Amino acid sequence: MAARAQRGGLAAALLAGAVLAFGRLPFALGQAAAAAGGSAAAALPHRRFEYKYSFKGPHLVQADGTVPFWVHTGNAIPSADQIRITTSLKSQRGSVWTKTKSIFEYWEVEVTFRVTGRGRIGADGLAIWFTEEQGLEGPVFGAADKWNGVGIFFDSFDNDGKKNNPGVIVVGNNGKLLYDHQNDGSTQALASCQRDFRNKPYPVRVKITYYQKTLTVLINNGFTPDKEDYEFCAKVEDMVLPSQGYFGISAATGGLADDHDVLSFLTFQLTEPGKEVPTPDAEIPQKDKEKYQEEFEHFQQELDKKKEEFQKEHPDVQGQPAEDLFETVSDRELRQIFEGQNRIHLEIKQLNRQLDMILDEQRRYVSAVTDEIAKRGAGFPSQQGQVSQQEIETVVKTQEEVIRQVNEIRNSMADTLRLISGAQHPGSAAGVYETTQHFNDIKEHLHVVKRDIEHLVQRNMPSSEKSKCPDLPPFPSCLSTMHFFIFVAVQTVLFIGYIMYRSQQEAAAKKFF
């Protein structure tokens, strides 16, 4: 069993490595194609995180309900962990945009969102923008039309009836074109791919890269929590975008409705190899640095005051380290494993007791049947003796088979108990799956044994000796005829007396009126 577990672990590791390698292959190919302008072995660009053009939970919203460096409009609702662009109500529109323009030429954004709805078909969709001006409100997935830039649309509803939705569409605009809603933008699409992003077990991740006038869209389908498991979706070459612009994300609903939730929007500046990488402090003015420093000191003072108040209110936990008050992920997983092993151990003990009871009943049944057949053979020594001998052989063989199966089950249970006692050590946590599977096999065998025992009891018990309900005893007669008539006469006299008394009372009451 240990060898099988080792082989299973090795196969799982090889499979995970192959999936990871193939998952990263499209991204590597897209980056290589984008960076291979003049040479095939060009180096990858330098990535720098831009916090002013990003947001991510937790603690996403400030006390006044705003998102730092972003503005939200329409029906968008920011919360601590995410921004709900639209709720699952009809005719909703919402969007979030950066407050300032980006000052870098090439960029990469990683967006994590979730689109959920009750129906099989949803509407309308979600859009990721990079435009020269903010499109706060409008008819194109909740943003303005005639934009100057690019929009990556995640269209949920099939307007043109071609059954190519949900899908991802890349649409560019120079500020003069109107979006073609009737055809789902197919006449204006620069690139597209058909991907279902609704109602996925994990959030959908999108990576959009604009580098050396090439736009690449990679998508994670939401079936795995792996953050690097991207697959190729679309690519547009020789695409010219504004050198400065606003990042945004919007969504809209129509006759059908979905919840459009954005969990994170991370922006990175891309710098070509050989160029000077901007320093982190080059873009922060001195006034802003002083302001942030004052805010940090203020928050630090507030934190120290709360710590002192907590220590005064809870003097019993002053000497305990803060790390001991919380449970780590590994401790929680280990505790859950131990609790599961203990429950399995108790269940197997209960099954063992039930098997012992079944064995005792079978032994008593065999002895009772053997004695009864022996008595019949003694009463009818001629022909009945032969029939009794055949019945004895049949019953004995059947009972031996049942006892053999029950003993096998007991041996299996003993092996399982040994596995559980070994799995309760920290190094043996990998045996949980095999122990659970063994426990399920024991339950199936137990059901088979119970069914066989019931069948044997019904088949081997003689018809004259089958259990019958006992006859009810005769109902005792506690009242004679004379007593019954006397009781009726007394009741009649009492009833007539009560009627006369009541009539006299009513007559006396009428004298007062």
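This is a predicted model: local features need pLDDT of at least 70, side-chain atom pairs count only at pLDDT 80 or more; totals for chains, interfaces and linings use all residues.
Strands, numbered from the N terminus, are DSSP runs of E with at least two residues, and with that naming Phe-141 is placed in the loop between β7 (125–131) and β8.

**Cis peptide bonds**

- The peptide bond that runs from Gly-57 to Pro-58 is cis, its omega being near 0 degrees, and Pro-58 belongs to the loop between β1 (46–56) and β2 (70–74).
- A cis bond, with omega near 0 degrees, also links Asn-165 to Pro-166, where Pro-166 lies in the loop that connects β8 (148–155) with β9 (167–174).

**Positive phi at residues other than glycine**

- Phe-141, although it is not a glycine, has a positive phi of about 50 degrees, and this residue sits in the loop between β7 (125–131) and β8.
- Gln-212 is likewise a residue other than glycine with a positive phi, here near 55 degrees, and its position is in the loop between β11 (204–211) and β12 (214–220).

**Solvent accessibility of these two residues**

- Phe-141 has a relative accessible area of 7%, and because buried means under 20%, Phe-141 counts as buried.
- Gln-212 has a relative accessibility of 26%, and since the partly exposed class lies between under 20% for buried and over 50% for exposed, Gln-212 is assigned to the partly exposed class.

Methods:
Residues are numbered from 1 along each chain as its sequence is written. Side-chain values use heavy atoms; hydrogens and water are left out. Helices (H or I, at least four residues) and strands (E, at least two) are DSSP runs, numbered from the N terminus. Buried means under 20% relative accessible area, exposed over 50%, partly exposed in between (1.4 Å probe, protein chains only).
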